[in-house]
Amino acid sequence: MIARRLERVAAYALLVLIGIIGFAPFVILAIISFKTRIQVLEVPPSLDIDVAQIVKNYEDVIFDRGFLRYTINSIIVTASTVILSLLVATPAAYAFSRLRFRGRDRWATTILSFRFMPPVAIAIPVLLMMRTLNLDDTYPGLILPYVAFSLPLAIWILIGFFDEIPRELDDAALVDGCSRVG
């Protein structure tokens, strides 16, 4: 009984230590964001907090350095990539999961194998292709490669999702007059 309690205390102590180690960089970054550049380099570091300096630092980052614009760009690219990936991956995964055709398993494995190719290996050809199509420094020029790299994994994950749905539901829907697309 005592050994079990000690084991539990040791496990919780380890979890707390891991939590502190994981959370510490965020705390340090927050403290550094409150200081001037010179104060960051002080040895020993001080914990003096100047509210005016905090406001100035955050105004500088948010308004003067374009942080909001970069955030909006990230949201647009991410949302577009997710939507396009799902629009293409869903019917493909449904076909791999529900329809029987020759080479189905081989094609599914081939699609997944594209995911294992490092994007760095084809970064220059993709850049040259985007320049040729006049898509460099545009949203489509960034979204299309992201979709191409995320599509194999999305298809593979959705195949597993469709495999979990009983085929009897499809059969019942077909009997009730629903089409495959429906």
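Reply: Before any residue is described, one convention is needed: a residue is buried at under 20% relative accessible area, exposed at over 50%, and partly exposed in between, with a 1.4 Å probe and protein chains only. The model discussed here is predicted, so local features need a pLDDT of at least 70 and side-chain atom pairs count only at pLDDT 80 or more, while totals for chains, interfaces and linings use all residues. Residues are numbered from 1 along each chain as its sequence is written, and side-chain values use heavy atoms, with hydrogens and water left out.

Me: Is phenylalanine 116 buried or exposed?

Reply: Phenylalanine 116 has a relative accessible area of 64%, and therefore counts as exposed. This residue sits in the loop between helix H5 (104–115) and helix H6 (123–132); helices are DSSP runs of H or I with at least four residues, strands are runs of E with at least two, and both are numbered from the N terminus. The C-alpha atoms of phenylalanine 116 and leucine 153 are 9.7 Å apart, although 37 residues separate the two along the chain.

Me: How many aromatic pairs are there?

Reply: Rings of Phe, Tyr and Trp (its six-membered ring) form a pair if their centres lie within 6.5 Å; planes under 30 degrees apart are stacked, those over 60 are edge-to-face, and the rest are tilted. By this rule there are 2 aromatic pairs. One of them joins tyrosine 94 and phenylalanine 162 in an edge-to-face arrangement, with 5.5 Å between centres and 85° between planes. The pair connects distant parts of the chain, since tyrosine 94 belongs to helix H4 (residues 67–98) and phenylalanine 162 to helix H7 (residues 139–164), 68 residues apart. Both tyrosine 94 and phenylalanine 162 are buried. Tyr94, Phe161 and Phe162 make up one aromatic cluster.

Me: Where is leucine 158 found?

Reply: Leucine 158 is in helix H7. With a relative accessible area of 15%, leucine 158 is buried. Its C-alpha atom lies 13 Å from that of valine 82, 76 residues away along the chain.

Me: How should the span of H1 be read?

Reply: The expected span of a helix is 1.5 Å times one less than its number of residues. For the 32 residues of H1 this gives 46 Å, and the end C-alpha atoms are 46 Å apart, which agrees. H1 also has a kink of about 35° at phenylalanine 23, shortly before proline 25; the bend at a residue is the angle between axes fitted to the seven residues ending there and the seven starting there.

Me: Which residues form the nonpolar patch on the surface?

Reply: Patches are built from residues with over 30% relative accessible area and no salt bridge, joining like charges within 9 Å and nonpolar side chains (Val, Leu, Ile, Met, Phe, Trp, Tyr) within 5 Å. Areas follow the Shrake-Rupley method with a 1.4 Å probe, and for residues only the protein chains shown count as cover. Here Tyr12, Leu14, Leu15, Leu17, Ile18 and Ile21 form the patch, with about 650 Å² of accessible area together. Among them, leucine 14 is found in helix H1 (residues 2–33).

Me: How many salt bridges does a search of the whole structure find?

Reply: Side chains of opposite charge can pair when their charged atoms come close. A salt bridge requires a side-chain nitrogen of Lys or Arg within 4 Å of a carboxyl oxygen of Asp or Glu. The search finds 2 salt bridges. Aspartate 60 pairs with arginine 65, the closest N and O atoms being 3.0 Å apart. Aspartate 60 is partly exposed at 24%, and arginine 65 is partly exposed at 47%. Aspartate 136 and arginine 131 form a salt bridge at 3.7 Å, N to O. Aspartate 136 is partly exposed at 32%, as is arginine 131 at 47%.

Me: Which peptide bond joins valine 43 and proline 44, and what is its omega?

Reply: Most residues other than glycine have a negative phi, and most peptide bonds are trans. The bond between valine 43 and proline 44 is cis, with omega about -5°. Proline 44 lies in the loop between helix H2 (37–40) and helix H3 (51–64).

Me: What is the phi of asparagine 134?

Reply: Asparagine 134 is not a glycine, yet has a positive phi of about 60°. Aspartate 137, also not a glycine, has a positive phi of about 60°. Asparagine 134 lies in the loop between H6 and H7, and aspartate 137 lies in the loop between H6 and H7. Asparagine 134 is exposed at 62% relative accessible area, and aspartate 137 is exposed at 83%.
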